[in-house]
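Open the model in your viewer and keep the selection panel at hand.

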Amino acid sequence: MATTTYVNKRTRHRWRLLALMMTALFFAFGSFWLVQVMRGEAQGPNVNVGNDPDYIIDNFSFVRMSETGQPRYVISGERLTHRPNDNTSDIEKPVVQSMSTDHPSMTMTADKAHVNQDQNQIDLSGNVDISRPGSKTSDPLRIRTEALTVLPDEEISKTDKPIQMTLGHASATGVGMVANNATQQLTLGGRGRIVYPPRGQR
């Protein structure tokens, strides 16, 4: 009889301990759920966490170097806003200038720019103006459009928007363009027109 009483007490003790553990576990999950709910309500359903700017720079100038340590191009502007979530920057009144010594430098200006640093891509928008001075082997070049994608490392600029171009005394219009400053080649899209001045005016 004493043995039975001992077994019953031990069994009751185990059940009481199990009940305490389940209660503690319930409150632990309940507290975790409450914290998550409160955190979600504080942030709101439309908050894009981590996409707020981490720094803003006014009147900046940034120089990108080549693998040999030479300046490749310079980006400057009135204001740069960087967002760490996707490692991109928005620039107001950007100026992009190539620094190559092998051929004439090209300067691009616009109202705004979006820079993807991971892909090394610059998207210019609004009153895009491209200029390249003349040289012994090439005429001065100027191109105007509303949007332009620049790949600085490849020295390629391209757009699918209408463009207006002057090359020396000649002028051209078209829809779409790919310009390679490294090879000095430029390809216009379709639906364009090229105007050459008389020979005496070239």
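Is Asp129 buried or exposed? Asp129 counts as buried, because its relative accessibility is 17%, and the cut-off for buried is under 20%. Bear in mind throughout that this is a predicted model.

**Stop 1: Asp129 and its partners**

Select Asp129 and Arg144. Their side chains meet in a salt bridge, at 3.7 Å from N to O. Asp129 sits in strand β7 and Arg144 in strand β8. The two residues are 15 apart, and the pair links distant parts of the chain. Arg144 has 41% relative accessibility and counts as partly exposed. Salt bridges with shared partners join Asp129, Arg142 and Arg144 into one network.

**Stop 2**

How many salt bridges does the structure hold? There are six. Select Arg79 and Asp58 next. Their side chains form a salt bridge of 2.7 Å, N to O. Arg79 belongs to strand β2 and Asp58 to strand β1, so this pair ties together parts that lie 21 residues apart in sequence. Check the surface at each end. Arg79 is partly exposed, at a relative accessible area of 33%. Asp58 is also partly exposed, at 43%.

Move on to Asp153 and Arg64. Here the side chains meet at 3.4 Å, N to O, in another of the salt bridges. Asp153 is in the loop between β8 and β9, while Arg64 is in strand β1. They are 89 residues apart, and again the pair links distant parts of the chain. Asp153 is partly exposed at 30% relative accessibility. Arg64 is partly exposed too, with a relative accessible area of 30%.

**Stop 3**

Select residues 141-151 for strand β8 and 156-167 for strand β9. The two strands pair in the antiparallel sense, over seven bridges. Find Thr149, which stands opposite Lys158 in β9. Then follow the chain through the turn. β8 and β9 form a hairpin with four residues between them. Glu155, in that turn, has a positive phi of about 55°.

**Stop 4: Thr159**

Go to Thr159, found in strand β9. Its bridge partner in β10 is Met177. What does the side chain of Thr159 reach at 3.1 Å? It reaches the backbone nitrogen of Lys161. Now show Ala147. The backbone oxygen of Ala147 lies 2.6 Å from a polar atom of the Thr159 side chain. Thr159 itself is buried, with a relative accessible area of 11%.

**Stop 5: the largest cavity**

Switch to a view of empty space. Rolling a probe the size of a water molecule over the atoms shows where such space is left. The structure holds one cavity of 30 Å³ or more. About 110 Å³ of space lies in the largest cavity.

Which residues line it? Select Arg72, Tyr73, Val96, Gln97, Ser98, Met106, Met108, Val150, Pro152, Glu155, Ser157 and Asn181. β2 and β4 (95-98) each supply at least two lining residues. β4 gives the largest share, three residues. By class, the lining divides into six nonpolar, four polar and two charged residues.

**Stop 6: the second largest pocket**

Finish at the second largest pocket, which holds about 250 Å³ of space. It is lined by 17 residues. Select Phe62, Ile75, Leu80, Val115 and Gln117, the closest to the pocket centre. Then colour the elements that give two or more residues to the lining: β1 (55-65), β2 (71-83), β3 (88-92), β6 (112-116) and β7 (121-132). Which element gives the most? β1 does, with six residues. The lining has ten nonpolar, six polar and one charged residues.

Definitions and conventions. Residues are numbered from 1 along each chain as its sequence is written. This is a predicted model: local features need pLDDT of at least 70, side-chain atom pairs count only at pLDDT 80 or more; totals for chains, interfaces and linings use all residues. Side-chain values use heavy atoms; hydrogens and water are left out. On a 1 Å grid over the protein atoms alone, a cavity is a set of points where a 1.4 Å probe fits but cannot get out, and a pocket is an open set with protein on both sides within 12 Å along at least five of seven lines; lining residues have an atom within 4 Å of a point. Grid points are joined across faces, edges and corners, and a volume is the space filled by probe spheres set on the points. Ala, Val, Leu, Ile, Met, Phe, Trp, Tyr, Cys and Pro count as nonpolar, Asp, Glu, Lys and Arg as charged, and the others, Gly among them, as polar. Two strands pair if DSSP finds at least two bridges between them. A salt bridge is a side-chain nitrogen of Lys or Arg within 4 Å of a carboxyl oxygen of Asp or Glu. Buried means under 20% relative accessible area, exposed over 50%, partly exposed in between (1.4 Å probe, protein chains only). A polar contact is a pair of N or O atoms within 3.5 Å; within protein, one must be able to donate a hydrogen and the other to accept it, and residues adjacent in sequence count only if both atoms are side-chain atoms.
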